[in-house]
Amino acid sequence: MSLIIAIVALLVTSFILFFKGYYGASLGVGGVFFVLATALGQWSSTKNEDYVYRKSGGPYL
(Lines give C-alpha, C1' and ligand atoms only; values in the text may rest on other atoms or scores of the structure.)
Protein backbone atom coordinates (compact mmCIF):
# COMPACT_ATOMS: atom_id res chain seq x y z
CA MET A 1 0.00 0.00 0.00
CA SER A 2 2.81 2.40 0.85
CA LEU A 3 4.42 1.81 -2.57
CA ILE A 4 1.24 2.96 -4.31
CA ILE A 5 1.14 6.09 -2.14
CA ALA A 6 4.78 6.78 -2.99
CA ILE A 7 4.09 6.36 -6.71
CA VAL A 8 1.15 8.78 -6.59
CA ALA A 9 3.22 11.27 -4.58
CA LEU A 10 6.03 11.07 -7.15
CA LEU A 11 3.58 11.72 -9.98
CA VAL A 12 2.07 14.73 -8.23
CA THR A 13 5.52 16.07 -7.32
CA SER A 14 6.67 15.69 -10.90
CA PHE A 15 3.75 17.77 -12.19
CA ILE A 16 4.22 20.42 -9.51
CA LEU A 17 7.91 20.76 -10.32
CA PHE A 18 7.15 20.95 -14.03
CA PHE A 19 4.61 23.73 -13.66
CA LYS A 20 6.91 25.69 -11.32
CA GLY A 21 9.61 25.62 -13.99
CA TYR A 22 12.00 23.02 -12.57
CA TYR A 23 12.05 20.96 -15.73
CA GLY A 24 15.19 18.92 -14.98
CA ALA A 25 14.04 17.96 -11.50
CA SER A 26 10.62 17.13 -12.89
CA LEU A 27 12.19 14.84 -15.48
CA GLY A 28 14.20 13.06 -12.78
CA VAL A 29 11.24 12.58 -10.46
CA GLY A 30 9.09 11.48 -13.40
CA GLY A 31 11.74 8.94 -14.35
CA VAL A 32 11.71 7.47 -10.85
CA PHE A 33 7.91 7.35 -11.07
CA PHE A 34 8.04 5.40 -14.35
CA VAL A 35 10.63 2.95 -13.03
CA LEU A 36 8.61 2.21 -9.88
CA ALA A 37 5.31 1.99 -11.77
CA THR A 38 6.83 -0.40 -14.32
CA ALA A 39 8.38 -2.56 -11.59
CA LEU A 40 5.05 -2.74 -9.74
CA GLY A 41 3.21 -3.66 -12.95
CA GLN A 42 5.68 -6.41 -13.82
CA TRP A 43 5.56 -7.85 -10.29
CA SER A 44 1.75 -7.83 -10.32
CA SER A 45 1.67 -9.51 -13.74
CA THR A 46 4.08 -12.23 -12.64
CA LYS A 47 2.12 -12.79 -9.44
CA ASN A 48 -1.14 -13.19 -11.39
CA GLU A 49 0.44 -15.56 -13.93
CA ASP A 50 1.78 -17.71 -11.10
CA TYR A 51 -1.63 -17.77 -9.42
CA VAL A 52 -3.36 -18.88 -12.63
CA TYR A 53 -0.68 -21.53 -13.26
CA ARG A 54 -1.00 -22.99 -9.77
CA LYS A 55 -4.82 -22.98 -9.87
CA SER A 56 -4.88 -24.66 -13.30
CA GLY A 57 -3.65 -27.93 -11.82
CA GLY A 58 -0.41 -27.94 -13.79
CA PRO A 59 2.76 -29.54 -12.45
CA TYR A 60 4.78 -27.41 -10.07
CA LEU A 61 8.25 -26.32 -11.01
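## Contacts of Ser14

Leaving aside neighbours within four places in sequence, Ser14 is in contact with Ser26, Val29 and Gly30. Ser14 itself is found in helix α1, and in this predicted model it counts as buried, because its relative accessibility is 11% and the cut-off for buried is under 20%. Seen from Ser26, which has its place in helix α2, the contacts beyond four places in sequence are Ser14, Leu17 and Phe18. Ser26 is buried as well, with a relative accessible area of 6%.

Gly30, another of the residues that Ser14 touches, is also placed in helix α2, and at 10% relative accessibility Gly30 counts as buried. In sequence Gly30 stands 29 residues from Met1, and in space the C-alpha atoms of these two residues are 20 Å apart.

## Helix α1

Helix α1 runs over residues 2-20, which makes 19 residues, and from its first C-alpha to its last it reaches 27 Å, close to the 27 Å expected at 1.5 Å a residue. Within α1, the residues Ile7, Ser14 and Leu17 are buried. These residues cover an arc of only 95° around the axis, which means that they are on the same side of α1.

Which exposed residues does α1 carry on the face turned away from its buried side? That face carries Ser2, Ile5, Phe19 and Lys20, each of them exposed. On the buried side, what covers the buried residues of α1 includes helix α2, residues 23-55. After α1 comes Gly21, whose phi is positive, near 100°.

## Helix α2

The 33 residues of α2 should span 48 Å at 1.5 Å a residue, and the end C-alpha atoms of this helix are 47 Å apart, which agrees with the expectation. The buried residues of α2 are Ser26, Val29, Gly30 and Phe33, and what covers them includes α1. The covering is therefore described from both sides, since α2 is part of what covers the buried residues of α1 and α1 is part of what covers those of α2, with the individual residue Ser14 counted as buried at 11% relative accessibility. Following α2 is Gly57, whose phi is positive, near 85°.

Leu40 also lies in helix α2, and, not counting residues up to four places away in sequence, Leu40 touches Leu3, Ile4 and Ile7. The C-alpha atoms of Leu40 and Leu3 are separated by 8.5 Å, although these residues are 37 residues apart along the chain.

## The aromatic cluster

A search of the whole structure finds 4 aromatic pairs. In one of them, the rings of Phe18 and Tyr23 have their centres 5.3 Å apart and their planes at 70°, so this pair is edge-to-face, given that planes over 60 degrees apart are counted in that way. Phe15, Phe18, Phe19 and Tyr23 together form one aromatic cluster.

How accessible are the two residues of this pair? Phe18 is partly exposed, with a relative accessible area of 40%, whereas Tyr23, at 52% relative accessibility, counts as exposed. Phe19, which belongs to the cluster, is among the exposed residues on the face of α1 turned away from its buried side.

## The chain as a whole

The chain has 2 helices and 0 strands. A compact globule of 61 residues would have a radius of gyration near 10 Å, but the chain has 17 Å, and along its principal axes the C-alpha trace spans about 55 × 20 × 10 Å.

Of the 61 residues of the chain, 13% count as buried. The chain exposes about 5,000 Å², and carbon and sulfur atoms supply 72% of that area.

Technical notes:
Residues are numbered from 1 along each chain as its sequence is written. This is a predicted model: local features need pLDDT of at least 70, side-chain atom pairs count only at pLDDT 80 or more; totals for chains, interfaces and linings use all residues. Side-chain values use heavy atoms; hydrogens and water are left out. Rings of Phe, Tyr and Trp (its six-membered ring) pair if their centres lie within 6.5 Å; planes under 30 degrees apart count as stacked, over 60 as edge-to-face and the rest as tilted. Buried means under 20% relative accessible area, exposed over 50%, partly exposed in between (1.4 Å probe, protein chains only). Helices (H or I, at least four residues) and strands (E, at least two) are DSSP runs, numbered from the N terminus. The expected span of a helix is 1.5 Å times one less than its number of residues. The arc is that of the directions from the helix axis to the C-beta atoms. Contact means heavy atoms within 4.5 Å. The radius of gyration is taken over C-alpha atoms; the globule rule is 2.2 Å times the number of residues to the power 0.38. Accessible areas come from the Shrake-Rupley method with a 1.4 Å probe; for residues, only the protein chains shown count as cover.
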